[in-house]
Amino acid sequence: MKTTDLTPLTEEQRQSPVAILIIVQTLFITIIKSAWPVFVFYFINPQSKFEYFLTIIAIGAVAISTIGSLIAYFNFYFHLKENEMVIRAGLFNKTNRNIPFDRIQTINFTQTIVHRFFNVVQLDLDTAGSAGNELAIKALSKTKANEIRNFILQRKASQETTTSSPHPADPEIVVAPPQPDKELLRLSIVDLLKIGVSQNHIRTAGIILLFLIGLSEYAEVLFGKEKEREVWSVIFGSILVITGLMIIVLLAAFLLTLVKTVFRYYDLRVTQTDSGFNIIAGLFTRTEQAAPTKKIQLVEWRSNPVKRLFGLYTLYLKQASSKVLAGKKTFMIPGCYQPQIDTVRQTYFPDFNKDDFMEHTISSLIVGRYTLYFGVVPALILIGIYIWKTWFILLVLLWIPLVYFYARTWHQRWRYALSFRGLYYSKGFLGQRAAILCWEKVQAITLHQSPFQQRRQLASVTFSTAGGTLDLPYLPLEQATKLQDFVLWKIETDHEEWM
Amino acid sequence: MLFENPSIPITSLPDLSEHSLESLSPAYLKVSQISTILFFSILIAILSGIYYFAEFSIPYLVQWAVPAAWLFLFLFSLWHTWRNFKVQGFLVREHDLTYRTGVFFRKTIVIPYNRVQHCEVRQGPIERQFNLRRLEVFTAGGESSDLSIPGLGGERAEQLKTFVIEKTGQHENN
């Protein structure tokens, strides 16, 4: 049984031999990862024969991963049938898996640097709902992978047209020739730098700080207790050094995010296909992801003050997917401009027209609550604790007007708008967060009322979709219940599919 | 007015708040109080064990504060289950299922039948003594949108499950 590009897909076959290398790589990394405490132990303990153990572990890891990957490779077969993909795998625990095409939600290609070197791809099939039904073929030639994808997509399309066609007298269904994919967005290096600059550097700085703290614990192990104290007293002796260190950490964070952004999103391309959107990006590992239009449940876009300056947004297409792949279910475009948002919105919400919507604000009572919970209460607690020690603690009272100002601005910027077909909102203090939702995507509606909201006739509404939730806080109760009644009526009478 | 669109008769839409909810079987109050008592009994047993076998001296303040807190929380939980029982209720309509719960933080969740993925009927050991079951309804919306109605007496849970599945099936065929 040989596998070449010429083997028809309907015949049982193996993956590309490159798969052996890929599996060796993953197995090796897993083994080394689980063995690292041993390394640390022998590294710290100078009496041990470090080289000796290192050699044993290295040889063991190489041997186990090589044998394991050969077994995995030679016992993995797949082929396509009319309506399903069949996988036969395993040496001792033989598994036979049939994956019907109509269960397959997305077909993604991934390429690590090894894949790219040999010009192969990893094929990921995601099936919705049932857990543990995802499938990855580690390495396939690009042509073969494309063939499989086209085969499955074609069968899926023809299945759907035959089942949904109400007129059996129409046997000749003309499948429109696939439109050439339209490039929606391609990020230049300048765009990438803009995105890198506007990322959240504080988060990276935090990670670096944590890393340094971790190192300081190692210092104790390495130098012993006495010496360690000496070392740290020298390092932290002067304020100057601390400030310098902070600046270095921030600079490092900035550079690190910049480099990470360029690596991850290098040559990012978003294309619009017949069925939805496709994204491909990365310098070393090129990742491809697809978002079929009907799977998109919710569209969200965000910007922060720096991004606003550049006119940039981060766009999220929230998809329905199985729970296991929860991380993969959001299709994220790290940086795009208004036209791309308009296109995506048009696809998700055809004939979007701002005039169909009516804008509303949330109740201004939220400002008082916000000030109470995040301003008054913490300030009073701090004063209560420290007033016995120093009167300066009363300065904390200045915190309250600050919170009030923040809450008031935040409330003023909170806008939501309703139409017969859906809802959109926009909020944010300095940045902006906005989303749009079609009513038919709603799975359940929940009304929440805190004691305060019960007293003041208010309610918060949560719309749950298969791609995430959308909350409208502090609506007048009457409006909330009306909205609930309407959306229920809309979902129940319209027979629009949510996926 | 929610939106300007004269073709939607907002006022004539089916109004959820018009209906009063069906309360849970009275036996369910007993079930939840028994489980509260059980939980707090186990807690006090563990606490007594610590007090009895402790090899370190427990500060005087802690010696009295912990049992006092236990008593307060125990009484509060009993009161809370009783109050919550009065709030808890469900409503079966033509096209959707509603459940309400929560004394302080009230939550009302509505799931239309045409969004239901699957249903389950469950029974815990205490519930079995009182012949009660709970109906769990799942949607594709994840945990935030799943609904669980406890305290359904006798055949009510199975009936309701059959009803919901039937309704879901009807929508699928349409």
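**Salt bridges**

I started with B:Arg134, which forms a salt bridge with B:Glu127, the closest N and O atoms being 3.5 Å apart. I count a salt bridge when a side-chain nitrogen of Lys or Arg is within 4 Å of a carboxyl oxygen of Asp or Glu. This is a predicted model: local features need pLDDT of at least 70, side-chain atom pairs count only at pLDDT 80 or more, and totals for chains, interfaces and linings use all residues. Residues are numbered from 1 along each chain as its sequence is written, chains are lettered from A and ligands numbered from 1 in the order in which they are written, and side-chain values use heavy atoms, with hydrogens and water left out.

I checked burial next (buried is under 20% relative accessible area, exposed over 50%, partly exposed in between; 1.4 Å probe, protein chains only). B:Arg134 is partly exposed at 22%, while B:Glu127 is buried at 8%.

I then found one network, in which salt bridges that share partners join A:Glu183, A:Arg186, A:Asp267, A:Arg269 and A:Arg286. Within that list I looked at A:Arg286 and A:Asp267, whose closest N and O atoms are 3.5 Å apart. A:Arg286 lies in strand β10 and A:Asp267 in the loop between α8 and β8 of chain A, so the pair ties together parts 19 residues apart in sequence. Strands (E, at least two residues) and helices (H or I, at least four) are DSSP runs, numbered from the N terminus. A:Arg286 is buried at 9%; A:Asp267 is buried at 19%.

I noted the total over all chains: 19 salt bridges.
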